[in-house]
Amino acid sequence: MIKRYSYSPFIYTGAVVKDLSPECSPLKHFYEDGSSFCYRMGKDDRVYGLGEAIRGIDKRGWIYDSLCTDDPLHTEDKRSLYGAHNFILIDGDERFGAFFDYPGKLTFDIGYTDPDMLMITPKGMKLDLYIIEGDSLKDIVRQFRELIGRSYIPPRWAFGYGQSRWSYADEASVREVAGRYKAAGIPLDMIYLDIDYMDSFKDFTISGERFPDFEGFVKEMRADGIHLIPIIDAAVKKESGYSVYEEGHEKGYFCKDESGEDFVVGVWPGMSLLPDFLDPEASKWFGGCYMALTDIGIDGFWNDMNEPALFYSEKGLNKAFESIKAYEGKRLDAHTFFSARDVYQKLSNSKEDYDNFYHNAPEGRMRHSDVHNLYGYKMTESAYNALKDLRPDEPTLLFSRASYIGAHRCGGIWTGDNHSWWSHILQSLQQMPGLNMCGFLYSGSDIGGFNGNCTRDLLIRWLSFALFTPLMRNHSAAGTRGQEAYALGDTEVFRHIIQLRYRLLPYLYSEFLRAAYENEMYFRPLCFDYEDDPVAHGVDDQLMVGDRLMIAPVYKQNAAGRYVYLPQDMTMIRMSQGELYTESMTCGHHYINVPLGDVVFFSRGILPISESAMNTEQLDWGKLTEIGDGESYVPYSIVKG
Ligand code: MIG
């Protein structure tokens, strides 16, 4: 049962698709003290949810800000990343879900200030609160997902493996990636194009110098089974003669400052403007611009910088130039020196800038900071709506960095700029169930880590986990060491692991569809399936994948294996040097040897396995063998037709 408590929100966010009339009865579970929603937690209560938020799967003990932020350093002490996913699930003395539909900054203090108190504090009380009760954790999530509408389903080829890197800047470097994968016999479906493909970082342009015949090149790659997936950044370069700028400016489609002038910010293209995705006309216009690329054969995109990330604003920069002058010629003590040093650093993603521009929403003029968390969502929605018209016959691959609940209907998300750190394998695993609760099914993290230098063993272990994530993309930052599957020594082990992904695709894809159509979670913590098993509640580094798989990846450097908890008897499946082996295992704790390059996972029923192929198009989805014990497997897509 879902109840809606309405505190006269100032904007319709679009997160919820069901019409519910607000409750007149007193607020259940929470009490509000005028500025926060409070709940006294039982001693052993657990709190799940919050989508992309980091730390353990049980979120209790930490404090989170729901505030979409471009932060390339995902350390444990962070309170927010790129997404704002305001759904939590309390399990313990009472069991219920709560969704705070609120587009501004919101704090979730989950037993951080007071170990027993859950406190949710918005900037003002203008929001809709949904309280969901149900028979089980899964049931509550299912009801929530019905409330927010069906998750985005990408084209089937988007479940293949993708290679990305910030710096594949021309035809030759992209050809090299495709060629080396092919030569190593490693499957590949996608190569991603980062900002370097554009002409001076201008959205919807292509550098003629580096891609002299882009349309021909897209065709050439497609003939090789590879989809090219370009990036689109949120901000538009301010440059006269550039048609996207000219048109947007003329029609008033960019965010405005207090006095109604275009608000100028600095990002990759230099001085740029922010499309006003909250203005339905502007949104339609920007979405239409994707046509420049779909017209020449592009069938997938990733949307970046849409928190929106701001390196600086024109006004902020001018002020900084002024204020730095005051330090000149003075004898600085340490503190004055630090504040001088920070003048420029503080320019990025500054609260002051977010306070100083406005949207032209249907409800009227909105200060950006009041609706900040909607920006990335509305960018994805703009693209999604347009792409449905531009490419009506098949879905377009689309995922985004920033998001709010609602965006899950329009695209997937990736978890942004992680590091080539061992701890980030586990972090990624722990982000997945929260994302699924909030409807984000097509998601994944940069495999091998975005920042920093990857090593061979890290990439092997990372792939061994990420082969189960719907979005399976290896991506890294410019200037870091190459981490393609052919760049870190002997390729055979990488080939076996990536091939395993393809062999599991009939199962993984079918389970993805089941999760999307039935409002289920593709990734679940063990306790969602084994609610009465007290041990399952403490397992934070294993996940259920679809109906019958369980994964327990190795995420520690130098580990020769790991302890695994089996909540029931299962079949252990081991991929070793390309061969699959099975072994029946009994319920309980086991130490499992997992030599580097082996992939071990567990099944509670028969699994369909296909033969590998060089890409999803060549994969024979119907030619299956069965491994494991128990009931045979009926693919969801066939049931659904
Ligand atoms: O300021 O386009 O998260 O995936 O490679 C960095 C360059 C901008 C951030 C994205 C990352 C991408 C990078 N972008």
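The lining of the largest cavity comprises 13 nonpolar, one polar and three charged residues; here Ala, Val, Leu, Ile, Met, Phe, Trp, Tyr, Cys and Pro count as nonpolar, Asp, Glu, Lys and Arg as charged, and the others, Gly among them, as polar. The model is predicted, so that local features need pLDDT of at least 70 and side-chain atom pairs count only at pLDDT 80 or more, while totals for chains, interfaces and linings use all residues. Residues are numbered from 1 along each chain as its sequence is written, and side-chain values use heavy atoms, with hydrogens and water left out.

A cavity is a set of points, on a 1 Å grid over the protein atoms alone, where a 1.4 Å probe fits but cannot get out, and its lining residues have an atom within 4 Å of a point. The structure holds three cavities of 30 Å³ or more, a volume being the space filled by probe spheres set on the points, which are joined across faces, edges and corners.

The largest cavity contains about 130 Å³ of space. Of its 17 lining residues, Ala552, Pro553, Val554, Val594 and Val600 lie nearest the centre. Helix H13 (456-466), strand S31 (561-566) and strand S35 (599-603) each give two or more residues to this lining, and S35 gives the most, with four. Helices (H or I, at least four residues) and strands (E, at least two) are DSSP runs, numbered from the N terminus.

The second largest cavity has a volume of about 110 Å³. Its lining has 13 residues, with Leu50, Ala53, Asp65, Ser66 and Gly83 nearest the centre. Strand S5 (63-66) and strand S6 (83-84) each supply two or more of the lining residues; S5 gives the most, with three. By class, this lining has six nonpolar, four polar and three charged residues.

Conventions:
1 Å grid on protein atoms, 1.4 Å probe; cavity = no way out; pocket = protein on both sides within 12 Å on 5 of 7 lines; lining within 4 Å.
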